[in-house]
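Please keep the sequence and the structure at hand while reading.

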Amino acid sequence: MHIRTLQEKDIAATEEICLKTAPASAVKSEKDKLYTLYMYNRYYTRAQKDACFVAADDKDRAVGYILCAPDYQNYLADFKAHELLDIRKLGFWYFLRASAEMRVQSRFQKDYPAHLHIDLLPEYQRRHLGSQLMDALKAHLKSEQIPGVYLCVGAKNIGAVAFYKAQGFKILANIGGSFAMGFRIETDK
């Protein structure tokens with residue numbers, strides 16, 4: 001197992017991982033699956049490959065990932081011009097849900113301009129790959145002088161919350177049953 005930068009050949013695997021690790025409610029219909037991919041995968045694998053990393057098995061197949069948008073303002077403009085247009089085609093409620101989620105992220109963008117999504121296939125969890133993915137992303141963000149990264153996690157997802165706390169993330173807010181969590185990065189700024 002090793003950690004490396006996301007490559008074009010990993011995109012299909014990251015989509016499969018995204019859908020396999022999503023809550024059942026996020027993949028119950030084809031529209032829900034597309035929404036999940038537009039919100040949590042496609043922008044990052046399309047526009048931010050240099051800030052994304054995969055955990056790869058011995059045959060160099062992606063079995064997990066950490067996807068990151070290093071700058072919220074750039075993310076917002078690009079996401080609105082691409083993925084949000086596709087989400088709008090799914091239906092009004094999907095569009096409203098995506099818009100609401102983007103507003104939540106905007107609350108934290110000053111101190112935490114980057115945000116991330118991390119997933120590992122269940123059979124590869126508890127092997128320290130999540131920590132290694134986090135370490136790779138933190139090193140990248142530090143090298144780019146990005147002072148903080150944010151994520152959102154279900155408050156009832158006790159294992160994930162404990163993992164993020166062990167990685168140095170602090171709870172910033174409880175928003176509708178989810179924790180907004182942030183990690184400050186020591187930079188030279």
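A helix axis here is a line fitted to C-alpha atoms over the stretch in contact, and the angle between two axes runs from 0 to 180 degrees between their N-to-C directions. The model is a predicted one.

In these terms, the axis of helix α2 (residues 30–47) comes within 11 Å of the axis of helix α3 (residues 72–81), and the two cross at roughly 105°. Because angles of 65 to 115 degrees count as roughly perpendicular, α2 is roughly perpendicular to α3. On the α2 side the contact is made by Tyr 38, Met 39, Tyr 43, Tyr 44, Arg 46 and Ala 47, and on the α3 side by Asn 74, Tyr 75, Asp 78 and Phe 79. Sorted by class, this contact has 7 nonpolar residues, 1 polar residue and 2 charged residues.

Helix α2 also packs against helix α4 (residues 83–90), with axes that come within 10 Å and cross at roughly 175°, and α2 and α4 are therefore roughly antiparallel to each other. Here Lys 31, Leu 34, Tyr 35, Tyr 38, Met 39, Arg 42, Tyr 43 and Arg 46 of α2 meet Glu 83, Asp 86, Ile 87 and Leu 90 of α4. By class, the contact of α2 with α4 has 7 nonpolar, no polar and 5 charged residues.

| Pair | Axes come within | Crossing angle |
|---|---|---|
| α2 and α3 | 11 Å | roughly 105° |
| α2 and α4 | 10 Å | roughly 175° |

Leaving aside neighbours within four places in sequence, Met 39 is in contact with Tyr 44, Phe 79, Ile 87, Ala 98, Glu 101 and His 117.

As for the whole chain, there are 7 helices and 7 strands, which follow one another along the sequence in the pattern β-α-α-β-β-α-α-α-β-α-β-α-β-β. The radius of gyration is 16 Å, close to the 16 Å that the globule rule gives for 189 residues, so the chain is as compact as a globular protein of that length. Of these 189 residues, 48% count as buried, and among contacts with a separation of 6 or more, 70% come from residues 24 or more positions apart. The accessible surface of the chain comes to about 9700 Å², with 53% of that belonging to carbon and sulfur atoms.

Technical notes. Residues numbered from 1 in each chain as written. Predicted model: local features only at pLDDT ≥ 70, side-chain atom pairs only at ≥ 80, totals over all residues. Heavy atoms only, no water. Helix = DSSP H or I, 4+ residues; strand = E, 2+ residues; numbered from the N terminus. Parallel < 35°, antiparallel > 145°, perpendicular 65-115°, else oblique. Contact = heavy atoms within 4.5 Å. Nonpolar A, V, L, I, M, F, W, Y, C, P; charged D, E, K, R; others polar. Rg over C-alpha atoms; globule rule 2.2 N^0.38 Å. Buried < 20%, exposed > 50% of the residue type's maximum accessible area, 1.4 Å probe, protein only. Areas by Shrake-Rupley, 256 points an atom, 1.4 Å probe, with all protein chains shown as cover.
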